[in-house]
Amino acid sequence: MPPMLLPALPLLLGATLTFRALRHALCRLALPAHVRADPLRTWRWHNLLVSFAHSIVSGTWALLCIWQTPEMLVEIETAWSLSGYLLVCFSAGYFIHDTVDIVVSHQSRASWEYLVHHVMAMGAFFSGIFWSRFVGGGVLTLLVEVSNIFLTIRMMMKISNAQDLLLYRVNKYINLVMYLLFRLAPQAYLTYLFLGYAGQRTLGTFLLSILLMLDVMILIYFSRLLRSDFCPEQIPRQKHKDKFLTE
């Protein structure tokens, strides 16, 4: 039995139920008219509100963890703190909630890329949650949530048909900078550190394989972001209109 199994399960359950309750509460908020008229957009809006809340909390939390325990920047396998451990449990609970939400809402086909991402993320986080290893690496991966704050704002403005607002145009440049600083840069740094496990038959090798697959996904998303916001004429207007990640 993994050494952290007993304390981890209540934490995961509590985090998952917290996000479920948050979604229920956010569903009571008023919706933009363009969103309210479409059931699919309504579901996306509520889903993104929960994602937005998670990004604000976990992104800020990850920065605080690194500030409090700077050795996480180097000792990705052995560096540990209670705050970092709770953060990884908190975010794993979000991924469990979001996976269930997508499946139960019958959005698996449109959001299959999110499901693949969530499964890989949970597989990586569980190494820190159940074996108390690579908690530092998990905290570093959650720096991406700082970028997700602005990415989620972008997606919510798109589905509410607000692309012509000044806020959208300003946010798309902020989003690009944050994507480079808090998504591409940390991912490249983590990949560099995890390459040290290449060729070994260890948990680090397993996590390296997950990280490399996530690298590919992140680069694909980045190319989509550039085409959508900076070269929109290259994208057919109706292509993939129901795909969650390309909204």
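**A close look at S55**

Tutor: Leaving aside neighbours within four places in sequence, S55 is in contact with T60, E145, N148, I149 and T152; contact means heavy atoms within 4.5 Å. This is a predicted model, in which local features need pLDDT of at least 70 and side-chain atom pairs count only at pLDDT 80 or more, while totals for chains, interfaces and linings use all residues. Residues are numbered from 1 along each chain as its sequence is written, and side-chain values use heavy atoms, with hydrogens and water left out.

S55 sits in helix α3, residues 39–68 (helices are DSSP runs of H or I with at least four residues, strands are E runs of at least two, numbered from the N terminus). Because its relative accessibility is 0%, S55 counts as buried (under 20% relative accessible area; exposed is over 50%, partly exposed in between, with a 1.4 Å probe and protein chains only). One of its contacts, E145, also makes a polar contact with S55, side chain to side chain, at 2.8 Å (a pair of N or O atoms within 3.5 Å; within protein, one must be able to donate a hydrogen and the other to accept it, and residues adjacent in sequence count only if both atoms are side-chain atoms).

The unreviewed UniProt entry lists residues 47–67, 79–96, 130–153, 173–197 and 203–222 under "transmembrane region"; such annotations may be inferred rather than shown by experiment. Of these, residues 130–153 are 79% helix and 0% strand, with end C-alpha atoms 33 Å apart. Residues 173–197 are 88% helix and 0% strand, and the C-alpha atoms at the ends of this span lie 36 Å apart.

P186 belongs to helix α8, residues 166–194. With 14% relative accessibility, P186 is counted as buried. Leaving out residues up to four places away in sequence, P186 touches L140, L143 and L181. Between P186 and L142 there are 9.3 Å in space, C-alpha to C-alpha, although the two are 44 residues apart in sequence.

A further buried residue is D101, at 3% relative accessibility, and its place is in helix α4, residues 82–104. The D101 side chain makes a polar contact with the side chain of R23 at 3.3 Å. Neighbours within four places in sequence aside, D101 is in contact with R20, R23, W43 and N47.
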